[in-house]
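Here is a short briefing to read alongside the structure. Please keep the model open in your viewer as you go through the points.

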There are 2 protein chains.
Amino acid sequence: MSCFATLKGKGLRLTQPRRVILDFIHDKGDHLTAEEIINYVHGKFPRVNKSTIYRTLELLEKNECVFKSESMDRTIYHHAEEGHHHHMVCSKCGKTIDCEEDLFAPVERSLGEKYGFNVDFKHVVMSGLCERCKNLTG
Amino acid sequence: MSCFATLKGKGLRLTQPRRVILDFIHDKGDHLTAEEIINYVHGKFPRVNKSTIYRTLELLEKNECVFKSESMDRTIYHHAEEGHHHHMVCSKCGKTIDCEEDLFAPVERSLGEKYGFNVDFKHVVMSGLCERCKNLTG
DNA sequence: ATTCTTATTGCACCCAGTTGCAATAATAGC
DNA sequence: GCTATTATTGCAACTGGGTGCAATAAGAAT
């Protein structure tokens, strides 16, 4: 958990809200929505304001302690230990699958060649149907 | 402008707000943000409520009269006559480039093969650097 | 342990977008 | 052209997320 060290090293303070949020994201080792994080923190420390939570998440992201993945309809956070990757969320059952970082390489190449456009796909969240739900729907 | 006919055919009413909004999107023949649409409508008819505008846009989208493209940081609308495509917006100069519908085909294929996951990329908005800005930045 | 500095917090308010509901207006039937 | 029906609207209130600022507390120095 060198995250605390990272923050200290930058002259940032180790406050209770920061500790709680970082521990939660680390221990969960999973993808969390802002809502889940807010609910958890409020369960333990009701006096912590939501603005503090959003500011903390922003700070953790800036310092690369957590990664934030956002798409039109959902934003999720996960601990930096889990590395860079993209996410697929099943719109039926909610199942989340991580997938490899270079998934969009062909698209990036194609945009560069055809339009000279430089796009860096990072932490993309995609909605769709997982195998099981696709077959059930048939 | 068969859009009006489309709406009529479904028993939907041709109200003034709908006429104004649809005409604007059609005549602009361009990508418009919700804000631009709201400003325009308010300029002409100050009494039209923003909720009406959002509801109208939603309705036009459901009936495929306009297409909505959304990403984390921007939502844009354009007339259905312009067809399906994706958008690249330069994060420096704001320039917007349309690009072909099948851009994400390799990604869709790869997700299907590796994970059995079914994602349909439609109206994706990407942020990045256009050729000019990329070169200026060095 | 106390004091001081200033990073961090809580608060109260802002913003874009959404929703429930009663009031209004578009249109079908006369 | 009127009337009745009901789709649509305006309103007011709500949502998730964000911001400026005065109050608070972390941690350095004593």
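The domain assignment divides chain A into domain 1 (3-82) and domain 2 (86-137); such bounds come from an automatic or database domain assignment. This is a predicted model, in which local features need pLDDT of at least 70 and side-chain atom pairs count only at pLDDT 80 or more, while totals for chains, interfaces and linings use all residues. Residues are numbered from 1 along each chain as its sequence is written, chains are lettered from A and ligands numbered from 1 in the order in which they are written, and side-chain values use heavy atoms, with hydrogens and water left out.

**Between the two domains of chain A**

- The C-alpha centres of domain 1 of chain A and domain 2 of chain A are 24 Å apart.
- Domain 1 of chain A brings 10 residues to the contact and domain 2 of chain A brings seven residues, where contact means heavy atoms within 4.5 Å.
- About 700 Å² is buried between domain 1 of chain A and domain 2 of chain A, with 57% of it from carbon and sulfur atoms; buried area is the accessible area (1.4 Å probe) that two parts lose on being put together, summed over both.
- Three residues, A:His31, A:Ser69 and A:Arg74, supply 54% of the area that domain 1 of chain A buries against domain 2 of chain A, more than any other three residues.
- There are zero salt bridges between domain 1 of chain A and domain 2 of chain A, a salt bridge being a side-chain nitrogen of Lys or Arg within 4 Å of a carboxyl oxygen of Asp or Glu.
- Three residue pairs (both at pLDDT 80 or more) are in polar contact across the interface of domain 1 of chain A and domain 2 of chain A. A polar contact is a pair of N or O atoms within 3.5 Å; within protein, one must be able to donate a hydrogen and the other to accept it, and residues adjacent in sequence count only if both atoms are side-chain atoms.
- On the side of domain 1 of chain A that touches domain 2 of chain A, β2 (66-70) and β3 (75-79) of chain A each supply at least two residues, and β2(A) gives the most, with four residues. Helices (H or I, at least four residues) and strands (E, at least two) are DSSP runs, numbered from the N terminus.
- That side of domain 1 of chain A has two nonpolar, four polar and four charged residues. Here Ala, Val, Leu, Ile, Met, Phe, Trp, Tyr, Cys and Pro count as nonpolar, Asp, Glu, Lys and Arg as charged, and the others, Gly among them, as polar.

**Between chain A and chain B**

- Chain A and chain B each give 29 residues to their contact.
- Together chain A and chain B bury about 2,500 Å², 68% of it on carbon and sulfur atoms.
- Two salt bridges are found across the interface of chain A and chain B. A:Lys114 forms a salt bridge with B:Glu100, with the closest N and O atoms 2.8 Å apart.
- The interface of chain A and chain B also has 10 residue pairs in polar contact (both at pLDDT 80 or more).
- On the side of chain A that touches chain B, two or more residues come from each of β4 (86-90), β5 (96-99), α5 (105-115), β6 (125-128) and α6 (131-137) of chain A.

**Around DNA strand C**

- DNA strand C is surrounded by 20 residues, the closest being A:Arg13, A:Thr15, A:Arg18, A:Thr52 and B:Tyr54; a residue is near a molecule or strand if one of its heavy atoms lies within 4 Å of it.
- Sugar or phosphate accounts for 60% of the DNA strand C atoms within 4 Å of the protein, and bases for the rest.
- A side-chain N or O atom of A:Thr15 is 2.8 Å from a phosphate oxygen of DNA strand C, while a polar side-chain atom of B:Arg55 lies 3.2 Å from a base oxygen of DNA strand C.
- The largest share of the surface near DNA strand C, four residues, comes from α4(B).

**Around DNA strand D**

- Among the 19 residues around DNA strand D, those that come nearest are A:Tyr54, B:Arg13, B:Thr15, B:Arg18 and B:Thr52.
- A phosphate oxygen of DNA strand D is 2.6 Å from a side-chain N or O atom of B:Thr52, and a base nitrogen of DNA strand D is 3.3 Å from a side-chain N or O atom of B:Ser51.
- With four residues, α4(A) gives the most to the surface near DNA strand D.
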